[in-house]
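Let's take a friendly walk through a protein structure. Keep the picture in view as you read.

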Amino acid sequence: MTLLVAAVIVHDRDTDRVLLLQRGPNAKFARGLWHLPVGKSEPGEPVTRTAVRELYEETGLTVRPEDLDVVHIVHVAWGVEAPNGFLTVVFAAQEWTGHPENREPHKHAQLRWVDATALPTEFVRSDLSALRAYLSGDPRTGLSAFDWD
């Protein structure tokens with residue numbers, strides 16, 4: 001069974017910054033790498049609700065499902081917790097409430113606003129692919145696929 005995942009690009013268009021998290025030393029995978037707020041869907045949970053829940057759990061930001069735009073899809077053949085692969089629906093949010101904070105310090109070393117033109121090089125590749133596609137300005141929803149050879 002393929003795992004369903006939601007990620008959220010929080011983009012402050014006024015300052016052209018995006019909100020990123022850095023995986024901590026106790027993370028299950030990708031230790032030290034930067035990534036988007038992301039998480040797995042719970043059984044029976046719509047992916048928009050997953051995005052809203054995970055964004056709040058990780059950053060303290062609140063976004064309404066109707067304020068999320070689907071901007072990218074990532075399909076990966078294999079993952080640490082998904083031996084049969086995972087599908088990530090990547091949303092963008094330009095409106096939210098709250099102030100960002102690292103609400104899961106046991107998973108994340110830090111949370112930071114990053115200039116969209118100066119993204120870190122140490123990045124979870126599937127998240128980076130989605131973020132670059134979104135930042136390119138192409139209005140079409142893109143698809144990235146990994147590890148299918």
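Is W96 buried, partly exposed or exposed? Before answering, bear in mind that what you see is a predicted model. Here a residue is called buried only if its relative accessible area is under 20%. W96 has a relative accessible area of 22%, so W96 counts as partly exposed.

W96 also has a partner. The structure holds one aromatic pair, and W96 forms it with W113. The two rings are tilted, with 35° between their planes and 5.9 Å from centre to centre. W96 sits in the loop between β6 (86–93) and β7 (108–115), while W113 belongs to strand β7, so the pair ties together parts that are 17 residues apart in sequence.

Another ring to find is that of Y56. R103 lies over its face, at 4.3 Å from the ring centre.

Now turn to strand β1, which covers residues 3–12. This strand is mostly covered, as eight of its ten residues are buried. What does β1 pair with? With β6, the strands run parallel and are joined by eight bridges; look for A6, which stands opposite V89 in β6. With strand β4 (residues 38–40), β1 pairs in the antiparallel sense over three bridges, and here V5 has K40 as its bridge partner.

Finally, follow β1 towards strand β2 (residues 17–23). These two run antiparallel and are joined by two bridges, with R17 of β2 as the bridge partner of D12. Their hairpin has four residues between the strands, and D16 takes a positive phi near 50° there.

Key: Residues numbered from 1 in each chain as written. Predicted model: local features only at pLDDT ≥ 70, side-chain atom pairs only at ≥ 80, totals over all residues. Heavy atoms only, no water. Phe/Tyr/Trp six-rings, centres within 6.5 Å; stacked < 30°, edge-to-face > 60°. Buried < 20%, exposed > 50% of the residue type's maximum accessible area, 1.4 Å probe, protein only. Lys NZ or Arg CZ within 6 Å of the ring centre and 35° of its normal. Pairing = 2+ DSSP bridges.
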